[in-house]
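Got the viewer open and a cartoon on screen? Here's a short tour of what to select next and what turns up there.

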Amino acid sequence: MTLFAANNGHFDDIDIKQALGAEKAMREFLRAKHAALVERIESTKDLSKDDEAALEAAIREFKKSGAY
């Protein structure tokens with residue numbers, strides 16, 4: 001999930017000094033708010049097109065929260 005976020009530019013606007021905190025906050029957010037998605041990705045080790053779209057939306061939701 002972290003690599004997906006980084007590779008898709010979601011951390012581009014985050015100051016390097018905040019990067020580790022933002023990454024941790026994102027993982028916590030995803031586990032709390034999108035547990036089923038996280039579990040599916042971690043258990044299958046695969047990212048289907050539907051899961052990719054859901055992850056993209058979840059990361060955008062996290063970024064809007066500004067909780068990092």
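Start by selecting histidine 10, in the loop between H1 and H2. Keep in mind that you're looking at a predicted model. Is histidine 10 buried or exposed? Its relative accessibility is 9%, so histidine 10 counts as buried, the cut-off being under 20%. Now show what surrounds the side chain. Leaving aside neighbours within four places in sequence, histidine 10 is in contact with Ala5, Glu56, Ile59, Arg60 and Lys63.

Time to zoom out and hide the side chains. How many helices and strands does the chain have? There are 4 helices and 0 strands, and reading along the sequence gives the pattern α-α-α-α. The radius of gyration is 11 Å, close to the 11 Å that the globule rule gives for 68 residues, so the chain is as compact as a globular protein of that length. If you draw the principal axes, the C-alpha trace spans about 35 × 20 × 15 Å along them.

The chain exposes about 4600 Å², and carbon and sulfur atoms supply 52% of that. Buried residues, for their part, make up 29% of the 68 residues. Then colour by charge: there are 11 positive and 13 negative charges, and their mean positions are 4 Å apart.

On to more charged pairs. Side chains of opposite charge can pair when their charged atoms come close.

Next, select arginine 27 and glutamate 23. Their side chains meet in a salt bridge at 2.6 Å, N to O. Why are they separated by about one helical turn? Because the two residues are 4 apart in helix H2. Glutamate 23 counts as buried at 17% relative accessibility, and arginine 27 is partly exposed with a relative accessible area of 31%.

Arginine 31 lies in helix H2 and glutamate 42 in helix H3 (residues 35-44), so the pair ties together parts 11 residues apart in sequence. Arginine 31 counts as partly exposed at 43% relative accessibility, and glutamate 42 counts as partly exposed at 31%.

Stay in helix H3 and pick valine 38. This residue is buried, with a relative accessible area of 3%. What does valine 38 touch, not counting residues up to four places away in sequence? Met1, Leu30 and Arg31. Draw a distance line from valine 38 to methionine 1: the two are 37 residues apart in sequence and 8.4 Å apart in space, C-alpha to C-alpha.

Most residues other than glycine have a negative phi. Phi of lysine 45 is near 55°, a positive value in a residue other than glycine. On the surface view, lysine 45 is exposed, with a relative accessible area of 70%.

Last stop: alanine 67, in the segment after H4. At 48% relative accessibility, alanine 67 counts as partly exposed. Its contacts, leaving out residues up to four places away in sequence, are Ala25 and Phe62. Finish with one more distance line, this time to methionine 26: alanine 67 and methionine 26 are 41 residues apart in sequence and 8.3 Å apart in space, C-alpha to C-alpha.

Methods: Residues are numbered from 1 along each chain as its sequence is written. This is a predicted model: local features need pLDDT of at least 70, side-chain atom pairs count only at pLDDT 80 or more; totals for chains, interfaces and linings use all residues. Side-chain values use heavy atoms; hydrogens and water are left out. The radius of gyration is taken over C-alpha atoms; the globule rule is 2.2 Å times the number of residues to the power 0.38. Buried means under 20% relative accessible area, exposed over 50%, partly exposed in between (1.4 Å probe, protein chains only). Accessible areas come from the Shrake-Rupley method with a 1.4 Å probe; for residues, only the protein chains shown count as cover. Lys and Arg count as positive and Asp and Glu as negative; His and the chain ends are not counted. The place of a charge is taken as NZ of Lys, CZ of Arg, CG of Asp or CD of Glu. A salt bridge is a side-chain nitrogen of Lys or Arg within 4 Å of a carboxyl oxygen of Asp or Glu. Contact means heavy atoms within 4.5 Å.
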